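Me: I would like to learn how to read a few features of a structure, one at a time. Could we look at it together?

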Amino acid sequence: MSPTFALVDCNNFYVSCERVFSPRLAGKPVVVLSNNDGCVVARSNEAKAIGIRMGIPVFKIRETIKAHAVHVYSSNYALYGDMSQRVMDTLSRFTPAVEQYSIDEAFLDLSGFKGHNLTAYGQSIRSQIRKWTGMPVSVGIAETKTLAKIANRIAKKSEKADGVLDLTGSAYRNSALAMTDVEDIWGVGRGYAAFLRSVGIDNALQLRAASDGLIQKKMGITGLRILQELRGASCYPLEQSPPPRKEIAVSRSFKYLLGDRADIWEAVAAFTSRGAEKLREAHLEANILEVFLIADPYNRESRYFNMETIRLPFATCDTAELIKWTHIGFDNIFREGYRYKKTGVIFRNLSSGSHVQTTLFDNEKKAHSREIMRAFDSINQRFGSDSVRYAATGSNGNRKWKTVFQRRSPSYTTDWDQLPRVS
């Protein structure tokens, strides 16, 4: 039995999350900004219509924001992550086979629904998600993931499709492929797109008809798989178990350049603590850690970048242990006299916490460490992040390195004190 995939994608996800709790934003231009309120990372359709580009620094569009009464929000990752989980939980009620592809989209296996009206089923999915979460979504259905991506893209823009497009055995498939530029095909990056256009291939229909030899010579096995997917032969099965992570990184750019050693070390320690939490959440331990510093990249006379790599004596996810080793690495690379823009830590060579090689005398220490970390995480989960923390990470009121979110909406769904109130 050939597979059938549905790609469910939330429309303008960050903006839609904000609109769920502020209905007054419907039909208004809205943008969401990156960390430190620097650049535009999400736009409503109305914001796109007035020419606001993705990634543009906010200071360059201040006049546009004022002239068009654009609503501007800082990123609210707690809200977006929770809303994403609610959408995914809703999708799991329509089929047990769900692959979360990103924070705002998922593939569903609808192979067992052949013979049913898949367009109607897609509309049921849209309706249920809107009813339970308030999120608008589009649904693309086809025999391969690549075709489902194309169907979803058209469903999002076509009034006739009304949010759902089923391309399985559709007489309109050729038309759908013809209206899809090569740049918009899943798996075709900018470099491949330039090559394809240079040989007269401008859209998905032309690519589907291209010579296998031509595509393989330039794009390799990736190109051949794209061809097969466009021709209706599935090369990418549903992946319900994500591959094990190879590394975990926590880094930030500072809003302002920092030169004080104590301030920068606080940031490094805080990022190490957060990375340790991520390791424990994934049931992983690190064998190697890296800490890096980047000075002002725009000042030619004082550019500086350095990284220290430390092979740990044993794999660990213990916050105190990791902070100790990070401090050694930080001391080795910090240089007085520079003004720093960014720092971070990276954990590599990760292994499962239940399959870690220890020495004869490590077991008791390891068990004690795990009990402490379990209590540490439990308190923070119950009473809020940073309810307990290591002193090296500094106090909340004096964190000069802290990421700026001056326009962030409340954590409507994850903080009891910030629940919406009806007056």
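Me: Is Cys10 buried or exposed?

Reply: Cys10 is buried, with a relative accessible area of 3%, where buried means under 20% relative accessible area, exposed over 50% and partly exposed in between, for a 1.4 Å probe and protein chains only. This is a predicted model, in which local features need pLDDT of at least 70 and side-chain atom pairs count only at pLDDT 80 or more, while totals for chains, interfaces and linings use all residues. Residues are numbered from 1 along each chain as its sequence is written, and side-chain values use heavy atoms, with hydrogens and water left out.

Me: How many disulfides does the structure hold?

Reply: A disulfide is a covalent bond between the sulfur atoms of two cysteines; here the term is used for a pair of cysteine sulfur atoms within 2.5 Å. The structure holds 0 of them, and for Cys10 the closest cysteine sulfur, in Cys17, is 7.3 Å away, too far for a bond.

Me: What does helix α10 span between its end C-alpha atoms?

Reply: Helices are DSSP runs of H or I with at least four residues, numbered from the N terminus. Helix α10, residues 212-230, spans only 12 Å, whereas a straight helix of 19 residues would span 27 Å at 1.5 Å a residue, the expected span being 1.5 Å times one less than the number of residues.

Me: Where is the kink in α10 centred?

Reply: The kink, of about 135°, is centred on Met219; the bend at a residue is the angle between axes fitted to the seven residues ending there and the seven starting there. Met219 is also among the buried residues of α10, including Ile215 and Leu230.

Key. Helix = DSSP H or I, 4+ residues; strand = E, 2+ residues; numbered from the N terminus.
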